[in-house]
Amino acid sequence: MNGETKFKKILDKIENKSLVLPDFQRDYVWIKEEDKVKEFIASVLAQLPLGSIITFTNKANSFANKEIGFNNSIEFDNDDEKVSFLLDGQQRVTTLDLVFSDRIFKEIKLGHKQSKDLIQRERIKRRYFLKLPTFLEGDETDDFFNLESLEFPCEPENFNFCSNDIIDLIISVPFNDKNDEWYSPQENYLGNIKEKIVTEASKKAWIPLYLLTDHPKIIQDILKMIVNSNPQINYIINTHNIEKIKEYINNHSAYNGIDLNQNENDIYDQFKDKRDDLAYNWCKDMCSYLSYCIDALKLTEIDITNDNISRAINMYEALNRGGVKLSTYDLVVARAANYKQDDRGRKFDANNKKLLSEYISDDLKKELLPRNVQEWNSKTNLGTIKKSEIVPIIIKQFLNLLCFVAFENRDGGIIADKKAKEELSTIYCKARKQLDMTPEQIVENSNLVLKSLIDACMILQFKCGIYKITEIEYNLILFPLGYMMYLYNAKIINNSIDDMIKYVTGFYLYCIFTGEYKSDQSVKVMEHVKLVHNWLVCGKEPDFLKQENVEKLITDRVLNIAEYNDFETLIYNNKNYPKKGVRNSILQFVLSQNPRDIVPTKNNQYQRLYSYKILSDNINVHIHHIYPLASSKTINEKTSELRNANNCLNSPLNLAIITREANNKVGPMSPIDYHNETKGIYSEEYYFNSDITNKDINNILCPDDNKDKKEFINILKNRYNNIKNVVIRTIKDCFKLA
């Protein structure tokens, strides 16, 4: 169903439990932003459009749920019963429910729920009111609805004002379970406190917005008492003050028909009758206006079927640019919460974050951590959690690997019986397949899958120079690498941990430097999962590991894929420019060799750069242009002109990761001083040749003609050959290839 749905219908669906929240473990956050709630209320009273909601109609057991307004889940008698899960619009719907109905607190008043079950608990205990003027001294409330004159501004359904015009008339008042205020929840729902509500609300001239939906009669009684409590009118009527009455008539056009020359009793009677008529009509119009705001209150509803869940996610994100995003992972979290055996389902997301924050493989700890390092975890050292949320690169590959393991390991499948899988589909990279996982499949496989993914990432950090997980440009490669470690951790294969470190390292370097992921990544990743399975489980040696193919598939291809990462591309000498992933792979590989920083510290020592220390030790690193971002005066002056230029000066072969302090120190140096300061480090640690010592440094570092430029390109070519040879040698060493 797609179209506009009235608020009262939405409220009915909430009350009969046919509209629920999937348990995404998110809070109702608007209650923390009072101004936002008031702006939203003002939009309702200004009869402005309120936006869209997205619902997903499916079986009640599809996801764990929460009742709107409460932390409680709803137990359904029939799990096959169809309900609408509110995917997008929780903030709007909960706010409307809280402000314009008494459903949430009625549940508590009648004993169906307890106060402690409320979402946001104390914060949500608020009442919202529309404040009218009392005409008492010191009351500065705007007479927006002409209460003083009783001439209602216009037809109730045709108010033409902006939300900002009325926002100052909206007030909120908190309460707690101990006070006895008239607006607090009572043991008996309304019952004998109706009279008290009318009396106290009219004294303050507050219209309780929470009564608008179900109790318009109470609102009407409050309005009548507010109208009759005008002290100025009461005074001139009760004292029979004809002079004041005449003055009032002259100042208000609604009384123009009264003849002021007639006797005083007739003036008084006609004034009082006219006043009564105006009061009656004003109350009627004010009630009609408020009722119309509620009756006309509607949201555009987009309802998604089970076959279109990916579109639901897409719509959600399109409607929430810059806000909270919905993801397949959120839905998997909600589905996991339906796990019945223990509380792991409810703690699914928290357990995942705990693993990322604490887990380290004992086997890898022995092999990879230096003796003087005791602690490592992926959150601190790789940044797998940012601002309390798991970063997308981990979530995506966790879901891919989890989905693959869940379905291929089911009922004695491919993993269990060690049969080769000839055809693998990209379906495991699709949200639709991932949402077909049962709560049991999700929960029972997740720990080992996530640990395996963390293991793969740890190897990449220590062996391939990945200092931050988000710096892996071709993140799909984590899927087959994680699968390698899953096979080891699940004891499906008998390889040693040393073998696994070499296999993960070698396979990663092979894929990255031979351009395996330069295109069709979603297809390529499934080919690689199949390759890994056939290789490690079934003993079918990959083509690139066969001795007869080593030269063709490794030696000839590493950093030599035309128009992708060959030398001509790396120096901007053809129509294609090196991609960020190519640049990162080169920088990270050099970093994996633990080079020394290019300038010494205060104690004249050159510190080594270790990828695992950069995040954990808060080391600020820069991507530094080695040669020749300099002028004849200083290095820094030329930077702004060259940094974004598509020429060899910005080649990945001319870059290195160094500390910010080093970058700042070399900035002001002259080219010769800069070269003399760094030449030993570069030649030894960054794979540059040192044969330019006796050349004209100024010209080489700042090439002004073709001869100088050719000399500079030769320098880059030397570095290219050095890095390429080390990468090839590393890959061969990992796989014990000659």
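My cut-offs are under 20% relative accessible area for buried, over 50% for exposed, and partly exposed in between, with a 1.4 Å probe and protein chains only.

A note on the source: this is a predicted model, where local features need pLDDT of at least 70, side-chain atom pairs count only at pLDDT 80 or more, and totals for chains, interfaces and linings use all residues. Residues are numbered from 1 along each chain as its sequence is written, and side-chain values use heavy atoms, with hydrogens and water left out.

**Positive phi**

I noted a phi near 55° for Asn618, positive in a residue other than glycine. Asn618 sits in the loop between helix 25 (611–614) and strand 12 (621–625); helices (H or I, at least four residues) and strands (E, at least two) are DSSP runs, numbered from the N terminus. I then turned to Asp520, not a glycine either, with a positive phi of about 50°. The loop between helix 20 (497–513) and helix 21 (521–537) holds Asp520, which counts as exposed at 59% relative accessibility.

**Helix 5**

I found Ile197, Val198, Ala201 and Ser202 buried in helix 5 (residues 194–204). They lie on the same side of helix 5 because they cover an arc of only 115° around the axis, taken from the directions from the helix axis to the C-beta atoms. An α-helix has 3.6 residues a turn, so residues three or four places apart point the same way. On the face turned away from the buried side I see the exposed Glu195 and Lys203. Strand 8 (206–208) and helix 6 (216–227) are among what covers the buried residues. Ala205 follows helix 5 and has a positive phi, near 60°.

**Cores**

A nonpolar core here is a set of buried Ala, Val, Leu, Ile, Met, Phe, Trp, Tyr and Cys residues joined through side-chain atoms within 4.5 Å. The largest has 152 residues, and Ile394, Met484, Tyr686 and Phe735 touch the most other members. Helix 18 (residues 439–464) gives the most to this core, 13 residues. Beyond four places in sequence, Phe735 is in contact (heavy atoms within 4.5 Å) with residues including Tyr503, Trp535 and Phe544.

**Cysteines**

I counted zero disulfides, taking one as a pair of cysteine sulfur atoms within 2.5 Å. Cys464 is buried, at 2% relative accessible area. Its closest cysteine sulfur, in Cys734, is 7.7 Å away, too far for a bond.
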